[in-house]
Amino acid sequence: MPDLLLLSILAPLAAALLLLVPAPLAARKFIAGVGFAIPALIALYLWSQFNPTGGASYHFVSRYDTGLKDALGITLYLGLNGIALPLFVLAGVVGLAAGLYAIQSKAERLPLYLGLLLVMQAGLMGVFASMDVFFFYFFHELALIPTFIMVGVWGGRDRGYAAMKLTIYLTLGAMLSLIGLIAIYQQSGAETFDLLALRQELAHGSLAAGEQKTIFGLLLVGFGILVSLFPFHTWAPLGYGAAPSSAAMLHAGVLKKFGLYGLIQIALPLLPEGVGHWVGWLALLAVGGNVLYIGFVTIAQRDLKQMIGYSSVMHMGYAFLGIAAYNTIGLGGVVLMMVAHGLSVALLFLLSTSIYHRTQTFDMDDMGGLAQKAPVLAAFFVTATMASIGLPGLANFWGELAIFVGAWKFSAVYTTLAVSGVIISAVYGLRSVARIFFGPVTPAFAKVSAEKAPADLAWGEKMPALLLLVALLAIGFWPKSLSTPVDTAITATFRK
Amino acid sequence: MTIDQLQAAAANNLWAAITPEIALGVLALLLLGLEMLLPKARHAIIPACAIAGQLGILAALALNFTATPYLDRDTFNGLLHHSRDGQYLRAFFLVSSILVSILGVVALARQKMPRVEFFHIVLVVTAAMMLLAQSANFVLLFVALETITVGFYILVSYTRANPLSLEAGLKYLVLGALSSAILLFGIVLLYGVSGNPNALGSTDAPMSYAGVHQFLKANPDNFLASVGIVFVLAGIAFKIGAVPFQIWIPDVYQGAPTPVTAFLAVASKAAGFAVLIGLLPVFQPYAGLVTTVLSIMAGATILFGNLAALTQHNVKRLLGLSGVSHAGYLLMGVVAAQTLPQAVGAIYFYLFAYLLASFAVFAVMTHVAGVNDAEQDLDHYADFAKKRPYLAGVLAIGLGSLAGIPPLAGFMGKLLVFIAAFKAGLYPLLAIAIVGVVLSIYYYFGWIKAAYFSSWRPPLAPGEAEPAEAAVTPVGLSAGIALGALAVGSVVLGFFQGPIATWLLSR
């Protein structure tokens with residue numbers, strides 16, 4: 001039973017290895033499907049078994065020695081608490097959706113593509129299941145490397161440049177956060193990367209306020225680069241614009257949350273005295289940069305994928321605001337929003353590729369009137385856009401609401417400005433729906449549809465889209481299923 | 001010296017303690033004998049004999065790894081000191097020489113060259129490296145180092161029909177001689193000051209590490225001793241290719257036959273670090289001086305190696321310069337090792353990860369190289385992943401490990417060294433190292449990009465023929481196994497460091 005977490009990491013890796021064996025394509029697709037399904041099923045099963053009354057304590061705990069235990073105090077230490085569980089489930093669900101979408105795609109060298117996605121999936125499950133800070137970082141990198149390769153090999157326009165820029169930016173972010181994590185390990189004198197032991201050690205105040213300030217700054221910048229905090233965001237729209245759809249789904253939907261998760265699970269609880277120094281700057285960058293500035297940049301986009309990329313950068317601003325607020329309501333809202341945003345942005349990237357297959361372009365000015373030919377696709381896209389704007393009834397609403405409530409106590413001005421960002425999202429969201437699906441058919445689209453009449457969503461595309469949509473609606477109508485574990489864990493962690 | 005003393009000295013020799021080195025020497029002579037005795041048509045089995053013999057010695061060494069009765073003992077009147085690190089390094093050099101021999105079989109098949117001497121010299125050089133790693137006396141240090149260097153003079157210019165190889169040989173000869181002279185001068189200065197009978201704490205064994213240490217301890221600020229120490233460090237810096245003694249690296253790496261480049265890059269560098277680590281306790285009374293010199297060198301080496309590698313198109317030069325940066329990271333570890341014994345384990349782990357990754361890359365290069373071994377360009381790797389997926393996979397793992405990307409072994413090596421540096425409080429050096437790692441991503445990924453991402457090629461002009469494809473040598477059985485083992489080793493060691501890390505780091 002505790003080995004289920006290890007299995008959720010090893011199953012995709014094993015499937016990726018099996019894909020190297022020559023076999024008929026159908027068999028390989030089946031193997032990949034199993035590899036994606038096992039972690040998702042394990043995540044859902046553990047969610048159903050999760051007992052939220054334990055506060056911040058971890059469940060399903062298991063520990064394995066990889067040879068660094070005696071010398072460095074590093075072990076593969078797996079477990080889930082109320083903060084990790086929602087993201088673990090997110091990783092499982094989005095991973096399955098991205099995998100299913102990739103299986104039905106007609107990508108060149110499909111087995112290699114699926115293999116890389118599976119490695120990424122293994123890394124994602126590992127990130128959120130790790131209770132050891134070292135492995136938390138390790139699994140993030142394991143998931144990151146395939147992203148670079150997938151962007152470079154299967155990417156669209158500017159893929160070489162995008163892959164390089166993505167690699168350099170994200171390596172820099174990862175290195176800075178690694179140094180920050182090593183600094184915690186070293187300066188605290190705990191000599192262990194075990195998160196629980198670190199919490200105990202630091203509870204005695206073994207880090208001076210000045211040290212906490214420096215280390216938190218390192219982690220904030222490092223994690224900030226990974227989560228596209230303004231002004232380190234430029235890799236994100238470019239990378240997502242070039243990335244193949246499943247890679248973009250997994251990266252924007254799940255992997256990007258690594259930085260926020262690291263801040264909430266590691267940096268904030270361990271370095272409480274370092275936070276106060278930075279929240280002013282963080283809120284300024286988050287609201288002024290990510291929400292407002294990038295919001296306007298998003299409105300100006302003509303390219304559908306770039307627009308989604310920028311909108312995801314913008315939504316990270318809300319998350320950073322919730323972290324800057326640094327209270328239980330705000331942080332709980334961030335966790336909920338991470339899940340909701342992950343589902344909705346993955347759905348949007350999936351649908352944008354499906355739109356591309358019908359219009360042969362990502363330029364929204366050359367689309368128009370697609371709703372007549374593909375009403376189901378239109379319905380999906382409208383719902384995903386509404387979720388992204390934050391319409392009640394969909395998951396994102398609850399996350400953003402909690403963040404705004406939490407942030408109000410922190411700063412009424414920033415909160416007001418951030419709320420006005422919702423109007424910006426409504427503008428670009430609704431405009432994109434109008435330009436893609438409604439209005440007159442543009443000459444460019446007429447020409448494309450004359451050559452090959454666009455069909456509505458096929459079952460292969462509908463299944464992963466439905467999976468994500470159901471999850472969005474389920475959390476939207478029944479937020480308690482996630483908010484209870486999140487709330488108990490956050491309250492217990494940040495009890496002052 | 002009385003006859004009794006001589007007898008006692010002879011009794012102290014304990015030849016059995018250096019059985020692996022002697023076995024390598026005998027094997028080397030055996031190869032020459034086989035060449036004379038066997039008919040020419042059967043000469044092809046000689047390299048196989050060399051590899052089999054080395055595997056046998058490696059197996060014997062592994063069996064006696066901890067069981068050897070000479071552990072923690074001095075033999076040959078203090079010329080040698082046998083330690084567990086020495087055992088590790090013996091295995092390290094043997095593994096490298098086996099891999100060099102395998103690559104040599106692949107590379108020499110393309111050249112019209114005498115074959116047997118190559119393997120002979122590799123064996124002799126390896127034996128010298130093993131002795132060097134265990135030396136406890138400056139005389140043996142110098143003799144072993146010269147044996148290595150002279151062997152490399154020949155190996156570097158081995159493809160004598162190639163002018164670039166000859167040029168590389170000449171450069172290595174001139175600069176190697178210069179560095180030996182500097183090293184020797186440093187040794188002589190140390191010998192002179194510590195052997196001076198009028199000086200405080202003088203010793204009657206001024207060539208032994210212990211004697212010099214005794215003198216340095218008694219005279220913590222002797223000017224001539226400081227000069228001697230700096231000269232010795234400079235001489236070693238030549239061997240490991242640290243700034244400002246790195247100038248020979250790009251040309252020599254490019255001109256030397258690829259297997260020899262690999263040998264230089266891995267084993268020769270490791271030998272330099274083994275000597276440096278061995279000398280650290282000797283120079284302990286001058287730790288401040290050593291730290292200053294090595295820290296400046298480490299920072300400059302990391303920056304220079306990475307910056308210079310950024311613009312390289314010839315992959316051998318690129319690897320040479322990136323190897324310079326690796327020497328910089330390792331030097332940072334050596335600085336840390338002055339205060340932190342665990343750092344030595346981190347360096348040895350790093351070196352092993354570096355061995356796996358470097359040999360993987362060099363093995364792929366050996367297969368890609370044409371007859372003109374010196375001209376290996378990034379452009380030769382266009383569409384490599386489609387044409388040669390196995391080699392491309394090994395290449396990607398090797399480069400990723402060199403770049404220090406998890407979950408590969410190179411990352412664990414870097415992590416261990418960085419943690420050691422952090423513990424030793426070397427923050428400025430760490431900052432430089434981080435910059436270096438991010439820079440290195442650019443050129444390592446540039447290479448992966450060249451091999452994996454399909455590149456744009458100018459359309460053919462009318463009448464222009466499709467450019468001739470460089471013939472990639474098909475992968476033979478032993479080379480294929482070696483390539484696979486290197487790649488798998490890099491991956492497995494990244495996930496599971498297991499007993500190796502535990503053993504190396506417990507000290």
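Strand 2 of chain A, residues 76–80, is mostly covered, since five of its five residues are buried. Here a residue is called buried if 20 or more other C-beta atoms, placed from the backbone, lie within 10 Å of its own, exposed if 12 or fewer do, and partly exposed in between. Strands (E, at least two residues) and helices (H or I, at least four) are DSSP runs, numbered from the N terminus. This is a predicted model, in which local features need pLDDT of at least 70 and side-chain atom pairs count only at pLDDT 80 or more, while totals for chains, interfaces and linings use all residues. Residues are numbered from 1 along each chain as its sequence is written, and chains are lettered from A and ligands numbered from 1 in the order in which they are written.

In a regular strand the side chains alternate between the two faces of the sheet. Accordingly, Leu76(A), Leu78(A) and Leu80(A) point one way from strand 2 of chain A, and Tyr77(A) and Gly79(A) point the other way. The partner is strand 1 of chain A, residues 59–64, which runs antiparallel to strand 2 of chain A and is joined to it by four bridges; two strands pair if DSSP finds at least two bridges between them. Within this arrangement, His59(A) stands opposite Leu80(A).

Chain A as a whole has 22 helices and two strands. Its radius of gyration, taken over C-alpha atoms, is 21 Å, close to the 23 Å that the globule rule (2.2 Å times the number of residues to the power 0.38) gives for 496 residues, so chain A is as compact as a globular protein of that length. Buried residues make up 62% of the 496 residues in chain A.

Where does chain A touch chain B? In total, 23 residues of chain A are in contact with 27 residues of chain B, contact meaning that the C-beta atoms, placed from the backbone, lie within 7 Å. On the side of chain A that touches chain B, helix 3 (69–72), helix 6 (133–154) and helix 7 (159–187) each supply at least two residues. Helix 7 of chain A gives the most, with ten residues.

Chain B contains 20 helices and two strands. Among them is helix 14 of chain B, residues 342–368, which reaches 39 Å from its first C-alpha to its last. All 27 of its 27 residues are buried, so helix 14 of chain B is largely enclosed by the rest of the structure.

Key: Two residues are in contact if their C-beta atoms, placed from the backbone, lie within 7 Å. The expected span of a helix is 1.5 Å times one less than its number of residues.
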